[in-house]
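Here's a quick walk through the charged pairs and the nonpolar packing of one protein model. Have the viewer open while you read.

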Amino acid sequence: GEGVHQYSGFLMKIAGAVYRTFERRWFVLQGPDLFYYKTRQDFITQQKPRGNFYLGGCTIIKTDLLEGKPIPIENENCGMSINFPNNPLECLYLYAETKEEALEWFKALLISCSYPAPGVDGLKIGGSVIEASLIAIWKEILKKQNLTADDDFFYHNGTLSNAIETVSYT
């Protein structure tokens, strides 16, 4: 959507649990969501993504190590490792083709990792950024800090005037 942080391009992704291989995939970053496709054409023709990750609350570091060992890539300083808050053992290793691309991806991914972690602030896993923003606005307008996505705006003394005020925030 408009105003949502976006970035896209090719990255190498580590695949395989036993025999580690590198797959070149087309990645699309939309807010906290990172999707990947086999090819750029798959994305353009609106094929279903091969996979996706919610990056809210994740930590990202620059690294050319894979599980403590140097990885066999041509350029140094092109690797990144993303750790997930709800699964400390899960780690996503990504590699850009150049240092410049790696830096741009790192900056973009860092923004995505700054979104709330799943389950934070009463949001259900998979809660959208729009939902999180709306709840933050409701808390401000209704002066109540314990609202969740399941709460009824009008039950919590929200008025038509408050609803209009909510729209003016967006």
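The model is predicted, so to speak of local features we need pLDDT of at least 70, side-chain atom pairs count only at pLDDT 80 or more, and totals for chains, interfaces and linings use all residues. Residues are numbered from 1 along each chain as its sequence is written, and side-chain values use heavy atoms, with hydrogens and water left out.

**Salt bridges**

A salt bridge here is a side-chain nitrogen of Lys or Arg within 4 Å of a carboxyl oxygen of Asp or Glu. Searching the whole structure turns up four of them. Among them are these:

| Pair | Closest N to O |
|---|---|
| Lys-13 and Glu-23 | 3.9 Å |
| Glu-23 and Arg-25 | 3.6 Å |

Lys-13, Glu-23 and Arg-25 are linked in a network of salt bridges. How exposed are its members? Lys-13 counts as buried at 10% relative accessibility, and Arg-25 is buried too, at 12%, while Glu-23 is partly exposed at 24%.

Back to one of those pairs: Lys-13 forms a salt bridge with Glu-23. Lys-13 sits in strand E1 (residues 6-15) and Glu-23 in strand E2 (residues 21-30), so the pair ties together parts that are ten residues apart in sequence. Helices (H or I, at least four residues) and strands (E, at least two) are DSSP runs, numbered from the N terminus.

Lys-107 and Glu-104 both belong to helix H2 (residues 99-113), where they are three residues apart, about one turn of the helix. Lys-107 is partly exposed, with a relative accessible area of 41%, and Glu-104 is partly exposed at 34%.

**Nonpolar cores**

A nonpolar core is a set of buried Ala, Val, Leu, Ile, Met, Phe, Trp, Tyr and Cys residues joined through side-chain atoms within 4.5 Å. In soluble globular proteins, nonpolar side chains tend to be buried together.

Which residues touch the most other members of the largest core? Of its 22 residues, they are Leu-34, Leu-55, Ile-82, Leu-94, Trp-105 and Leu-109. Two or more residues each come from E2, strand E3 (33-37), strand E8 (79-84), strand E9 (87-95) and H2. The largest share, six residues, is from H2.

Take Leu-55: setting aside neighbours within four places in sequence, its contacts (heavy atoms within 4.5 Å) include Leu-29, Pro-32, Phe-84 and Cys-113. A second, separate core has five residues, including Ile-137, Trp-138, Ile-141 and Leu-142.

Definitions and conventions:
Buried means under 20% relative accessible area, exposed over 50%, partly exposed in between (1.4 Å probe, protein chains only).
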